[in-house]
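This briefing covers a two-chain model, from the overall make-up to single residues. Please have the sequence and the structure open while reading.

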Amino acid sequence: MRERTLSVAALRQLVADRLPGPADSRRGAAALPTGVPALDEALGGGLASGALTEIVSAGAGSGGQFVQLCLLCAAAGLGRRAALVDGADAFDPQTAGAEALRALIWVRCGDAATAMQAADLLVRDANLGLVLLDLRGCPQSALRRTPATAWYRLQRAAEGTAAPVVVHTSQALVPSAACRVALTGRFGIDSCGRPRDALSAEVEVELLRARWAGGFAEAAG
Amino acid sequence: MFAVLVIPDFPLQAVLRILPAGGSRRAVAVMTGDPASAGSRQVGVLQCNAVAAAAGVAPGLTAPQAMARCPGIELHARSESAEASARDAALAAAWTLSPRVENTAPGVCTIDLRGHPAVAGPGRSEAGKIGVLARAAIACLDALGLAGRIGIARTPRIARYAADTSVVALRVSAGTPANSDETLSRRSRGGLHEGGSVPGARDPRRQVGLPSEALAKEGDLPYASAVRIIAPSDFDECAFLAPLPIELADPSEEQAAVLSGWGVKTLGGLTALPRAEAAMRLGEDGAALWDRAAGREWRVLRHAEPPRAFEAEVEFEDGIETLEPLLFLLRRFCDQLALQLAAANFAAAELHLVLKLDEGRHARDFRLPAPTGDAGVFFSVLHTHLETLKTDTPVVALRLAVTPTRPLHRQQGLFDSSLVDPHGLNETLARVGAVVGSERVGVPVLENTRRPDAVRLGPVPDRVSWQPELANVALHGLPLRRHRPPRPARVEVEDSRPVWVLADGVAGPVTAAEGPWRGSGEWWSAEAWSRDEWDVEIGGAGLHRIFESAGQWFVEGEYD
């Protein structure tokens with residue numbers, strides 16, 4: 001089994017070397033720095049434009065919502081309009097801060113299927129500089145029913161735009177993601193009283209998948 | 001110079017305009033009364049299209065006679081609302097030529113071109129310019145579902161003759177070529193021969209003195225044959241008027257009988273007589289008739305007021321149950337309103353759509369992200385909404401109104417970031433709204449209260465304004481992810497502090513807690529609230545916010 005995995009990885013590497021894909025050429029060209037040092041480091045400078053990035057955060061205290069706000073602030077800082085497709089209608093503007101709300105379009109969905117439809121429409125709009133699809137809180141059974149073709153369709157749509165597309169999940173889910181990272185840290189109650197600026201340095205990120213100039217890298221998970 | 005815009009068979013075209021696409025391919029006739037009334041034998045055919053005419057239907061036939069000759073014929077009553085809408089469309093097209101327009105008669109607009117830059121000079125180039133503008137007006141009219149023709153001459157009367165006698169292939173369906181089955185029957189004016197031309201009449205393009213190369217080029221232009229320009233010279237006018245039938249000058253029955261007795265059949269025949277002699281024998285009306293025949297009738301135009309309200313509406317004879325015919329008509333309305341807005345130098349700020357149903361009505365207002373006069377944007381906004389609309393009963397009337405505003409001219413701030421395509425985003429959001437609900441898409445706006453989750457969604461601004469550092473608002477701690485609504489919980493309390501939490505998706509001992517944070521507000525209203533909040537770290541389940549209100553515990557969300 002291990003041999004087979006290696007051979008697939010070697011084949012991918014070969015293809016990436018000989019036929020650099022569109023994601024490869026875009027990688028260095030445009031990236032949206034997230035403002036979270038660990039995430040920027042894992043992503044090689046920021047979110048890739050025109051590609052799907054999956055962020056997996058397991059649950060409360062992992063910093064997933066905090067990272068999401070950092071992305072919104074980063075987009076607003078560049079004057080880009082961001083769309084948040086909120087699959088479980090869990091976003092809280094009261095604790096988000098004015099900067100995160102400045103350029104935000106909030107789409108409040110009731111389930112994963114409508115969230116996917118809304119994201120599919122938004123990704124194609126040239127006015128948006130960032131599209132966030134937050135599927136945390138959606139039932140896993142519903143998410144597993146999403147056909148792989150839907151994810152590849154989203155990826156193809158994203159390739160046609162200059163906007164990064166981020167899918168936020170609680171478990172690794174997106175087969176077409178160019179990059180997948182997991183938030184592995186756990187914030188304690190002491191974080192509640194600390195300035196938010198100081199928290200970004202404490203976010204822990206693990207790179208699970210990367211698919212760009214360096215070729216394919218498939219880590220555990 | 002004056003121009004006259006004529007829409008032949010106006011009642012018929014007005015009705016055909018509101019029929020679904022392809023209506024002109026069926027046999028259609030407009031009746032003098034309501035064909036559904038009991039006395040349908042007394043209802044006669046007023047006008048019919050070419051398909052009906054080919055089957056032998058003619059004006060004056062009763063409804064049973066028309067149906068006997070053409071079993072599949074559609075009989076429609078004249079529609080006041082359709083004619084009013086068509087009149088507005090004709091005026092909108094006329095205003096593209098000049099602001100001084102008279103609504104002379106149903107389907108006839110007289111346009112004062114004096115002082116117009118395109119006709120200010122006597123040369124051939126000026127005539128060519130106004131010809132281009134006139135063809136553009138005909139094209140506008142065609143896009144609005146009406147076929148018209150324009151005559152341009154020194155006086156309104158000669159211009160009317162030119163319009164009535166111009167060669168035109170009448171089209172009654174936008175976007176379809178002017179051929180065979182789209183052609184209306186030409187029975188409205190007795191003086192018209194087949195094809196609308198008059199024998200012996202000179203080629204209108206020669207009358208303005210265009211060189212032969214230019215003539216060939218002009219003839220190839222779309223709608224070239226629908227525009228006829230009579231050069232303002234006595235020779236050309238006389239040559240044009242002389243062969244025209246005397247009926248075009250609208251003689252009374254008595255005058256027509258006298259002239260027939262004299263053997264006068266053409267305008268030239270009458271004007272060959274001395275005016276004084278004709279007046280002596282026919283009276284004062286005879287002199288007026290002579291003036292009309294000579295094209296010398298002068299009158300003051302009663303200028304139509306530009307619309308103050310930009311709206312279009314129509315009632316349907318039969319209720320509409322499907323989307324396509326509605327969209328077909330809405331597209332026409334959008335084009336018409338865009339034309340009217342452009343003529344008044346306005347743009348649209350909002351659209352108001354009202355569908356009158358068999359039972360009830362459906363009304364919806366659409367705020368446009370930026371003022372625009374683009375009919376395509378109007379239509380796409382309406383289309384997106386109607387695609388997801390379902391009504392219990394058929395639509396019996398349609399009304400579309402526009403709130404006008406001045407076109408937007410402003411300079412962006414140096415650091416502002418505007419939208420690449422505001423209307424494109426509006427369209428996208430409308431589509432997303434159709435999926436998730438229009439009230440669930442927008443920009444989050446915090447209410448001016450401390451009540452938890454007091455937030456609403458507002459419209460999306462057309463630019464992201466630059467703001468300096470917001471460092472004065474220091475944020476602390478992780479943001480909250482809310483459970484909407486809060487999840488009821490069972491909480492064990494010891495020494496007034498929570499020690500165990502059990503709720504849907506959350507269960508475990510409280511390993512650390514901070515609080516209580518007491519809050520209350522709006523005690524003066526029915527929405528009074530009061531609560532004690534705790535931030536708790538639950539073993540194995542992360543950070544959460546719980547609160548107690550009126551003796552009940554809830555998990556409000558998780559810090560993430």
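Predicted model: local features only at pLDDT ≥ 70, side-chain atom pairs only at ≥ 80, totals over all residues.

Residues are numbered from 1 along each chain as its sequence is written, while chains are lettered from A and ligands numbered from 1 in the order in which they are written.

**The two chains**

- Chain A contains nine helices and 10 strands, and chain B contains 15 helices and 22 strands; helices (H or I, at least four residues) and strands (E, at least two) are DSSP runs, numbered from the N terminus.
- Of the 221 residues in chain A, 50% are buried; for the 560 residues of chain B the share is 43%.
- A residue is buried if 20 or more other C-beta atoms lie within 10 Å of its own, exposed if 12 or fewer, and partly exposed in between, with C-beta atoms placed from the backbone.
- In chain A, 74% of the contacts with a separation of 6 or more are between residues 24 or more positions apart.
- In chain B, 64% of the contacts between residues at least 6 apart in sequence join residues at least 24 apart.
- Two residues are in contact if their C-beta atoms, placed from the backbone, lie within 7 Å.

**The interface between chains A and B**

- Contacts between the chains involve 50 residues of chain A and 47 residues of chain B.
- On the chain A side, helix 4 (64-77), helix 5 (98-101), strand 5 (104-108), helix 6 and helix 9 (196-199) each supply at least two residues.
- By class, that side of chain A has 24 nonpolar, 17 polar and nine charged residues. Ala, Val, Leu, Ile, Met, Phe, Trp, Tyr, Cys and Pro count as nonpolar, Asp, Glu, Lys and Arg as charged, and the others, Gly among them, as polar.
- Helix 6 (residues 112-123) of chain A packs with helix 15 (residues 422-436) of chain B at an angle of about 170°, the axes being 9 Å apart. Axes are lines fitted to C-alpha atoms, for helices over the stretch in contact, and angles run from 0 to 180 degrees between N-to-C directions.
- These two helices are therefore roughly antiparallel to each other, a term used for angles over 145 degrees.
- From helix 6 of chain A, A:Thr114, A:Gln117, A:Ala118, A:Leu121 and A:Leu122 meet B:Thr428, B:Arg431, B:Val432, B:Val435 and B:Val436 of helix 15 of chain B. This contact has six nonpolar, three polar and one charged residues.
- Strand 5 of chain A also pairs with strand 14 (residues 441-446) of chain B, in the antiparallel sense and over two bridges; A:Val107 has B:Val441 as its bridge partner. Two strands pair if DSSP finds at least two bridges between them.

- Three strands of chain B form an open sheet in the order 3-2-4, with mixed pairing.
- Strand 3 (45-48) and strand 4 (74-77) of chain B are at the edges with a single partner strand each, so one side of each has no neighbour in the sheet.
- Strand 2 (residues 28-31) and strand 4 of chain B run parallel and are joined by four bridges, with B:Val30 opposite B:His76.
- Helix 1 (residues 10-18) of chain B packs on the sheet, touching strand 2, strand 3 and strand 4, and its direction makes about 120° with that of strand 2.
- Nine of the nine residues of helix 1 of chain B are buried, so the helix is largely enclosed by the rest of the structure.
- The elements that the buried residues of this helix pack against include helix 4 (80-94), strand 9 (310-320) and helix 13 (323-343) of chain B.

**Individual residues**

- A:Thr169, in strand 7 (residues 165-169) of chain A, is buried, with 24 other C-beta atoms within 10 Å.
- The C-alpha atoms of A:Thr169 and A:Leu135 are separated by 5.2 Å, although the residues are 34 apart along the chain.
- A cis peptide bond joins B:Arg484 and B:Pro485, with omega about -5°; B:Pro485 lies in strand 17 (residues 480-494) of chain B.
- Another cis peptide bond joins B:Gly515 and B:Pro516, with omega about 0°; B:Pro516 lies in strand 19 (residues 506-521) of chain B.
- B:Asp453 is not a glycine, yet has a positive phi of about 60°; this residue is partly exposed, with 15 other C-beta atoms within 10 Å.

Key. Parallel < 35°, antiparallel > 145°, perpendicular 65-115°, else oblique.
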